[in-house]
Amino acid sequence: MTHVKECSSRAMDAAGITSETAAHADRTMLEMTRAATEIGSIVNIIRLIASHSQMVAINAAIEAGKAGESGKGFIAVANEVRELAIRTEQATRKVSGMITHVQENAAEASRAIIEMTAIAKQIVAANQEIDQAVKTQDIALTRIDNATEEVHRETRILVEQAAGIGQATRQTA
């Protein structure tokens, strides 16, 4: 019985550690989700700036075109700014997609961790039931052992009494 208690205790400890580890991982995943959301907000700001930069570059190119020969250099600069804004917007779209992917994976991992935590709690509960059953069996075995000793003692007394009666019968006969 002691071995069963030890095994049950180790299993309960392992399940408890698993539950704690899963809870820590879940908190980490939630923190990652929050960070990804913050990054997403920053990416949206960058996307807005890129879009605005495109509009400014287009307007600057139009104004430079109106300036004629003296605005040609400025048109080249405005076009370059516009190209940079377009590439920035493309990059922010890609980053947004990656962030969404990270958030989806974090949510999936969080769900799995919650499920693992629930299973670990079930294991702990089952091990507690096993532990209680072992204690109950231990008590029952102790009672059986005590009753067996009592029966053995009573049997010895009966044997001694029977021997005494047998001896008394032989003496009176």
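Biologist: In this predicted model, is arginine 34 buried, partly exposed or exposed?

Modeller: The general idea is to compare the relative accessible area with two cut-offs, since buried means under 20% and exposed means over 50%, with partly exposed in between. Arginine 34 has a relative accessible area of 47%, so it counts as partly exposed.

Biologist: With which residue does arginine 34 form a salt bridge?

Modeller: The partner is glutamate 31, and the closest N and O atoms of the two are 2.9 Å apart, which means that the pair falls within the 4 Å cut-off for a salt bridge. Glutamate 31 is itself partly exposed, because its relative accessibility is 44%.

Biologist: How many salt bridges does the structure hold, and which residue meets arginine 93 in one of them?

Modeller: There are eight salt bridges in the structure, and in one of them the side chain of arginine 93 meets that of glutamate 89, at 2.9 Å from N to O.

Biologist: Is glutamate 89 buried or exposed?

Modeller: Glutamate 89 counts as buried, because its relative accessibility of 15% is under the 20% cut-off.

Biologist: Which residue forms a salt bridge with arginine 111?

Modeller: That residue is glutamate 108, with the closest N and O atoms 3.4 Å apart. Arginine 111 and glutamate 108 are three residues apart in helix 2, so they are separated by about one helical turn.

Methods. Residues numbered from 1 in each chain as written. Predicted model: local features only at pLDDT ≥ 70, side-chain atom pairs only at ≥ 80, totals over all residues. Heavy atoms only, no water. Buried < 20%, exposed > 50% of the residue type's maximum accessible area, 1.4 Å probe, protein only. Helix = DSSP H or I, 4+ residues; strand = E, 2+ residues; numbered from the N terminus.
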